[in-house]
Amino acid sequence: MVEPVLHISNLVKNFGALRATDGVTIDLRPGEIHALIGPNGAGKSTLIHQICGTLRQDSGIIRFAGQDVGALTVAERARLGLGRTFQVSSIAPEFSALRNVMLAVQAKEGSSFRFFKPVMRDKGLIDTAMAMLERVGLTARARIPAAELSHGERRQLEIAMALALQSKVFLLDEPMAGMGPEGSKSLTRFLDTLRKEAPILLVEHDMDAVFALADRISVLVYGRVIATGTVEEIRRDPTVRTAYLGDHA
Amino acid sequence: MTIALALEQLLNGIQLGVMLFLMAAGLTLIFGVMGLINLAHGSLYMVGAFACATVAAWTGSFWIGLVASLIAAAAAGAIVELVVIRRLYDRDHLDQVLATFALILMFSEGTRWLFGSFPLYLDIPPLLQGAVALPGGTEYPLYRLAIIAAGALVAFGLYMLISRTRLGMRIRAGESDREMIGALGVDIRTLYTVVFALGAALAGFAGAMVGAIQSVQVGMGEPVLILAFVVIVIGGIGSIKGALLGALLVGVTDTMGRFLLPKLMLLFVPPAQAGMIGGAIASMLIYIVMAVILAVKPRGLFPPAHA
Amino acid sequence: MLLTRENLVNLILALGLLAVPLAANALGQPFYITLATRVAILALAATGLNLALGVGGLVSFGHAAFFGIGGYAAGILAAHNFSGDPLFFGFSGTNQMWIIWIVAVAMAGLVGLVIGAISLRTSGVYFIMITLAFAQMVYYFAVSWPAYGGEDGLSILVRNQFPGVMTMVPLNYFLICYVILLLGIALFAVIRASRFGAALQAARQNEVRVATVGIQPYRIRLTAFVISAALTGLAGALFADLNRFVSPSMLSWHMSGELIVLIILGGTGRLFGPLAGAALYVAFEYALGGLTERWQFFLGLILLLVVLFARGGLLGVLAGKARHG
Ligand SMILES: Nc1ncnc2c1ncn2[C@@H]1O[C@H](COP(=O)(O)OP(=O)(O)OP(=O)(O)O)[C@@H](O)[C@H]1O
Ligand SMILES: [Mg+2]
């Protein structure tokens with residue numbers, strides 16, 4: 001079996017008396033889409049936060065690209081190749097969509113300590129950023145301040161930024177939310193091609209998308225992974241059916 | 001008799017700490033409940049001192065002056081809250097800093113307008129004049145001991161108020177969850193005015209007490225205000241307990257540093273320079289202590305859990 | 001460069017500041033030249049602060065420390081040069097402005113590095129109070145250290161020199177300050193438009209986003225803080241030479257507050273905001289000061305009204321809302 005790119009073991013996180021992550025062990029293999037599903041409040045976002053470093057785990061190990069990243073800062077992990085999108089979009093609101101992506105491009109180039117050349121006359125920077133916007137279908141909205149973009153467009157913008165970082169792993173927290181049926185479909189097609197670039201850990205409530213895309217699914221309930229398996233295995237798993245899927249399957 | 005001298009300095013440090021606590025408690029309460037940074041808190045201290053000195057001069061009684069200082073500072077606080085401060089709760093810290101900086105200019109210049117540029121003097125009340133013998137043979141002014149006692153009493157009263165009364169319960173609710181307190185049916189606007197006036201009264205009280213051992217003049221609140229900032233930064237902004245411990249730490253460190261450092265320097269440098277170097281380091285000591293504490297704990301010693 | 005409304009206003013401000021002392025000189029009114037020089041220097045100091053505060057969102061309430069350090073650099077170097085006492089290693093100061101400027105920039109930048117390194121570990125109100133406290137520390141040090149005048153301050157007996165310029169002539173000194181101000185504003189503009197400036201602005205808008213693309217906000221901010229401190233320090237050196245005097249009042253927290261006020265009056269984060277603010281401030285001071293002894297009261301009132309009701313400052317009124325690319 002191939003070595004997983006991302007490997008999380010025995011991760012624990014408490015918020016006061018609440019154990020939001022309860023001994024989670026999960027991995028992500030090259031080329032796959034691994035979906036993480038579970039009811040509201042199960043701890044999916046909390047898990048993503050810990051992988052990226054916006055929250056610090058209480059205990060457990062996060063290995064990425066062959067190294068223990070559990071003590072690194074958010075920025076250090078990003079530079080190693082962890083690209084993510086947020087459940088509640090996180091963008092620079094005053095900047096245009098283009099400038100948001102340009103920020104990611106310059107970060108990738110490690111060139112944020114250049115003081116003289118104006119970014120808006122930096123053709124290379126702009127072209128690279130525009131290419132990313134084109135991939136997610138935001139070309140027409142490039143010059144709009146990010147604060148004025150719709151929810152769905154902000155999701156796309158975040159994905160464009162992750163693309164610009166040429167991440168080795170994508171961690172996407174509910175990318176379909178607020179997209180509408182058409183948007184969801186085209187995003188599903190897009191993610192299907194994206195997995196060739198890097199594996200995806202996909203948190204998503206939209207089961208059609210999950211079943212269409214996932215190579216494997218893990219089910220998180222009350223901070224615990226109650227099952228991991230292929231789509232078929234998860235559909236058939238009785239504990240999952242009672243705990244979560246209900247009549248959906 | 002250096003032991004006795006050291007004891008005297010220690011008491012001075014505690015006295016400074018107690019006064020700083022009265023200032024810091026108000027600042028930290030106002031920040032904890034309303035999320036507001038109030039630079040004009042030192043002006044309320046000044047209002048208390050001027051009110052006390054003026055009324056004491058009219059009536060001949062320090063005690064009536066003291067009551068007047070509480071009333072004047074609380075009233076000034078309430079008015080300022082109603083007219084200006086409540087427009088600032090939703091603003092960012094920069095706006096709060098600027099608006100309250102503007103209030104300082106207005107308070108200082110306004111006071112100078114009313115009272116002129118000369119300092120007022122406030123006498124220690126006869127009941128508290130005189131000195132108390134300390135172990136070791138020196139004497140210590142009774143009034144300063146009274147300040148310590150009064151400060152301790154207020155600290156205790158504040159603790160009881162916050163932990164045991166309905167108002168205190170609302171304040172604690174306001175600190176942890178503003179929506180919840182609205183849902184409880186408490187009139188949050190009134191609560192804010194009351195908390196602000198309470199903080200103002202504490203500052204005014206401190207100003208009046210200190211007014212009797214220093215001159216009462218425009219700008220007297222500013223050095224105290226900045227020390228109070230150091231106190232709450234060390235203690236953790238929003239924490240009353242942190243304010244108390246931070247105040248005592250700052251008061252004692254500052255006083256003892258000024259007393260001991262020049263002597264300590266004698267061990268290393270010639271006497272002519274010892275006083276100068278020791279004095280200069282002593283004047284920076286609390287800031288150095290603050291820097292060290294922040295380097296270890298960026299949110300202070302007792303950061304409020306919810307912040 | 002496009003002739004937008006803002007650029008037009010900026011141009012008028014820049015030419016206006018030049019016109020006043022030229023006219024005053026022609027009319028034999030050197031007092032107004034001094035006022036204009038004051039405006040130029042305060043605007044430079046506030047331009048430095050504007051980089052941290054306006055672009056980076058770092059509300060430093062301690063920039064008087066850098067202003068004063070620049071001032072003391074000028075005062076101390078000049079005093080040693082005058083007395084001939086060696087400062088260190090046989091170097092006994094200088095009266096050459098350009099050396100003084102380099103020292104002022106270096107010292108302010110160095111102290112900015114230390115203060116920033118500690119303060120930037122915190123944010124929000126903590127940052128405001130800590131920068132204030134550190135500036136206060138420098139203030140008390142200046143007051144209690146008797147070697148350079150302590151509380152009384154230090155006089156610069158003869159204004160320092162610049163090759164080929166008679167610096168004692170008011171108009172000449174104004175022109176020196178004016179050129180440096182324009183260079184400072186240009187530096188601000190270039191930095192703001194650069195990749196570094198983009199990262200700094202993004203860190204103000206959304207710190208987590210910046211970290212998520214792999215840029216450490218702390219390093220960006222610390223660098224900006226140091227550049228900001230250095231610019232304000234340079235202004236301090238010019239200010240000391242203007243007054244031929246430096247005292248702890250340059251380090252006081254009122255000075256820090258005043259610098260913030262200049263930015264707000266002019267328009268936060270705007271290129272010419274500090275100049276507009278400084279011009280307005282000095283005009284208030286002069287006009288109100290002529291009308292009433294109590295001008296500070298009215299200054300406070302005006303400031304309060306601006307904060308409560310006119311957030312964009314003067315440039316917000318004249319040139320409309322700030323625009324981002
Ligand atoms: N910063 C926090 N402090 C305290 N509790 C938190 C915090 N963040 C999350 N929680 C709690 O932890 C639990 C897990 O939250 P999390 O956001 O990870 O759930 P989720 O699976 O992403 O849910 P959803 O599907 O609604 O996004 C919830 O009960 C939530 O209330
Ligand atoms: Mg979630």
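**A helix and the contacts of its chain**

Modeller: Helix α10 of chain B covers residues 240-265, 26 residues in total. At 1.5 Å a residue it should span 38 Å, and its end C-alpha atoms are 36 Å apart, so the two values agree. The expected span is 1.5 Å times one less than the number of residues. Helices here are DSSP runs of H or I, at least four residues long, numbered from the N terminus.

This is a predicted model: local features need pLDDT of at least 70, side-chain atom pairs count only at pLDDT 80 or more, and totals for chains, interfaces and linings use all residues. Residues are numbered from 1 along each chain as its sequence is written, chains are lettered from A and ligands numbered from 1 in the order in which they are written, and side-chain values use heavy atoms, leaving out hydrogens and water.

Back to the helix. α10(B) has a kink of about 40 degrees, centred on Gly257(B). The bend at a residue is the angle between axes fitted to the seven residues ending there and the seven starting there.

Now the interface of chain B with chain C. Chain B gives 49 residues to the contact and chain C gives 42 (contact means heavy atoms within 4.5 Å). About 4,400 Å² is buried between chain B and chain C, and carbon and sulfur atoms give 80% of that. Buried area is the accessible area (1.4 Å probe) that two parts lose on being put together, summed over both.

One salt bridge crosses between chain B and chain C. The rule asks for a side-chain nitrogen of Lys or Arg within 4 Å of a carboxyl oxygen of Asp or Glu. Glu109(B) pairs with Arg294(C) in a salt bridge, with the closest N and O atoms 3.0 Å apart. On the chain B side, α4 (93-115), α9 (221-235) and α11 (271-296) each supply at least two residues. The largest share, 16 residues, comes from α4(B). By class, this side of chain B has 36 nonpolar, six polar and seven charged residues. Ala, Val, Leu, Ile, Met, Phe, Trp, Tyr, Cys and Pro count as nonpolar, Asp, Glu, Lys and Arg as charged, and the others, Gly among them, as polar.
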